[in-house]
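Me: Hey, I'm new to this one. Can you walk me through it?
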Amino acid sequence: MKQPELGRKISEIRKAKGLTQEELVEMSNLNVRTIQRIEAGEVTPRSYTIKALFEALGIQENIKLKEVENEKAVPSILYLALAGGILYFFASIF
């Protein structure tokens, strides 16, 4: 998940739970400016910051990990394109 998307999701979840940024600050022990910058997509939060936010919002970490794994997975079409390129290269030599 890209940074602006992460910030947007955190903001949506916070609002859905009826929390203000100040209430989230109290629950997560983070600075209000940190939360503002994360939600605005201005910074990439550190792992412990994300963990604190997830715990405060009641988000399960395994959900986030699955999204990260899906994002990093290389689509199979790229492997197919690579194989085709290699075959084309060798076919052009002979």
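Me: At what angle do helix 2 and helix 3 pack, and how far apart are their axes?
Reply: This is a predicted model, where local features need pLDDT of at least 70, side-chain atom pairs count only at pLDDT 80 or more, and totals for chains, interfaces and linings use all residues. Residues are numbered from 1 along each chain as its sequence is written, and side-chain values use heavy atoms, leaving out hydrogens and water. Helix 2 and helix 3 (residues 32-39) pack at about 115°, with axes 9 Å apart. Helices here are DSSP runs (H or I, at least four residues), numbered from the N terminus. Axes are lines fitted to C-alpha atoms over the stretch in contact, with angles from 0 to 180 degrees between N-to-C directions.

Me: Which residues meet there?
Reply: Gln21, Glu22, Leu24, Val25 and Ser28 of helix 2 meet Val32, Ile35, Gln36 and Glu39 of helix 3. Contact means heavy atoms within 4.5 Å.

Me: OK, switching to valine 25. Buried or exposed?
Reply: Buried, with a relative accessible area of 18%. The cut-offs are under 20% for buried, over 50% for exposed and partly exposed in between (1.4 Å probe, protein chains only).

Me: What does valine 25 touch, leaving aside neighbours within four places in sequence?
Reply: Leu30, Asn31, Val32 and Ile35. Isoleucine 35 is ten residues away in sequence, and 7.5 Å away in space, C-alpha to C-alpha.

Me: Which residues are buried in helix 2?
Reply: Gln21, Leu24, Val25 and Ser28. Down the axis of helix 2, its buried residues fall within an arc of 105°, so they line one face. That arc uses the directions from the helix axis to the C-beta atoms.

Me: And what follows helix 2?
Reply: Asparagine 29, with a positive phi near 60°.

Note on methods: Helices (H or I, at least four residues) and strands (E, at least two) are DSSP runs, numbered from the N terminus.
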